[in-house]
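Please keep the sequence and the structure open while reading.

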Amino acid sequence: MSTINNDEQFAALFKESIASDYKNALLLMNVSPDVSLFKFRKILETLCLLYAQRHSYEFTNKNLWEQINELADINAIHGANRELFHVVRDLTNDGVHNKELSNEVLLSKALASRTKVLDLLESAYLSLGLGERIPKYELINVGGQEHKDLWFNCLISCDYKEYLSLGVFYEEMGDAFESQALDDKSFSVRAQAMYSFAAESYKSAFKLCSKKTITDVISSDDKQITIAQESHQVLFKYAFLCLNNKVDTLQLSEVTTILSVLAKRGFYAAYAYLGWCHYLSEDYKNAHKYLTHKKAENTVFLFQRLGVLYSSGKACSINGDKAVASFQKAVMLGCNKSMFELGKLYHRGELVQKDDGLAQNYLCQAIATGNLGAVLYLDEKYLKIRELFSGLLDEIKDAKVKIGPQKSCIKTTKLGRNKPCSCGSNVKYKNCCGN
């Protein structure tokens, strides 16, 4: 087991969602304590699910209060733990339901939640069999001073590393806000602001390090320009923000130029992104060249894009086995885009044998990790089924209207007027169909 020095590292020993939620709870505690409380509540909900899975139990109620009591009823958690679960639930309720409280009150509740959540995690560490002895750790300072120190150091320093650190901090803030956008669209605006601050910090760091601007790199068109090797990471992080539409600063062709400069200077992390730029601009020859290059680093981004490469048939022949294998590698690294893609493949029966069970599993994983596309995909399928069903009902109703009042009478031979009518009405022909 790796060395555990602080509470964030301790939380990282648990399920990935707990690690991510805990990290974001600390990151946003002073900026948006209501979001911090919401993250602690999600950890509480995840712990309930982990205890239930540990005891092979399925909840009968979606209400968190009821779920905690159900866990106590099956002895998954005991007296003191049960009360602690409810204490955290009460504390975090205000971050979810009460929007009238001041930031000061919310912050005090977030700080208290942090302590109680750690108590729950320590208990779960032993109960869920993650270890026999709780590792010793210290609490990270979340007093808000870290951000202030980074910002102040940039004002008084000419060291590009200070601006790089500030950019990384803003980017993490943007990611944390963006993760909330699925539940509340207003967080998209906050995320956009953080990404813009990150971009400006990276531009300043690059200028201090290489004595050149981003515009100089683009204008050179990769001809006879010297940039400091130390600035490669800074330049890449800026290009990455632009490529992922986090900031509306550069065109795709300009991002491609920056990544080409980095790739030609031995910055291998740029290969996969450069390949994807070519793919987006429909230069499929170079897309295949860089995405499949032996120097391309094995990252989530590479595996996800290789999945697209082999499943689309644009840059090379379609290869279902390679597409699925690539998506699965990305899923193993937590890529919800690849979860979504695999869900669609198994649902449609494309490249793989149709499997509704696997499709549902991957789509639910994607939704659980915040993939809005998977939510819309499932909703779209539901709407189509509903529309089809409604259409069939309308057809049946129309058919009943047309058939109902009409009498079926097929005249085969001429009947006498006093004979029973052939339509089966038991009425004389002259008083029925012959009138």
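Helices here are DSSP runs of type H or I with at least four residues, numbered from the N terminus. The model is a predicted one, and its chain has 19 helices and zero strands. Of the 435 residues in the chain, 42% count as buried, and residues 24 or more positions apart account for 52% of the contacts with a separation of 6 or more.

**Packing of H2 and H3**
- Helix H2, residues 16-27, packs with helix H3, residues 33-54, at an angle of about 160°, the axes being 8 Å apart; because of this angle, H2 is roughly antiparallel to H3.
- The crossing in which H2 passes H3 is left-handed.
- On the H2 side the contact is made by Ser-17, Ile-18, Asp-21, Tyr-22, Asn-24 and Ala-25, while the residues they meet in H3 include Phe-40, Ile-43, Leu-47 and Leu-50.
- Sorted by class, the contact of H2 with H3 comprises seven nonpolar, four polar and three charged residues.

**Helix H4 and its ends**
- Helix H4 covers residues 64-73, and since seven of its 10 residues are buried, H4 is largely enclosed by the rest of the structure.
- The buried residues of H4 are Leu-64, Gln-67, Ile-68, Asn-69, Glu-70, Leu-71 and Ala-72.
- At the N-terminal end, H4 is capped by Asn-63, which has a side-chain oxygen 2.9 Å from the backbone nitrogen of Trp-65.
- Asn-75 follows H4, and its phi is positive, near 65°.

Technical notes
Residues numbered from 1 in each chain as written. Predicted model: local features only at pLDDT ≥ 70, side-chain atom pairs only at ≥ 80, totals over all residues. Heavy atoms only, no water. Axes fitted to C-alpha atoms, helices over the stretch in contact; angles between N-to-C directions. Helix = DSSP H or I, 4+ residues; strand = E, 2+ residues; numbered from the N terminus. Parallel < 35°, antiparallel > 145°, perpendicular 65-115°, else oblique. Left-handed = near helix turned anticlockwise from the far one by under 90°. Contact = heavy atoms within 4.5 Å. Nonpolar A, V, L, I, M, F, W, Y, C, P; charged D, E, K, R; others polar. Buried < 20%, exposed > 50% of the residue type's maximum accessible area, 1.4 Å probe, protein only. Polar contact = N/O pair within 3.5 Å; in protein donor to acceptor, adjacent residues only side chain to side chain.
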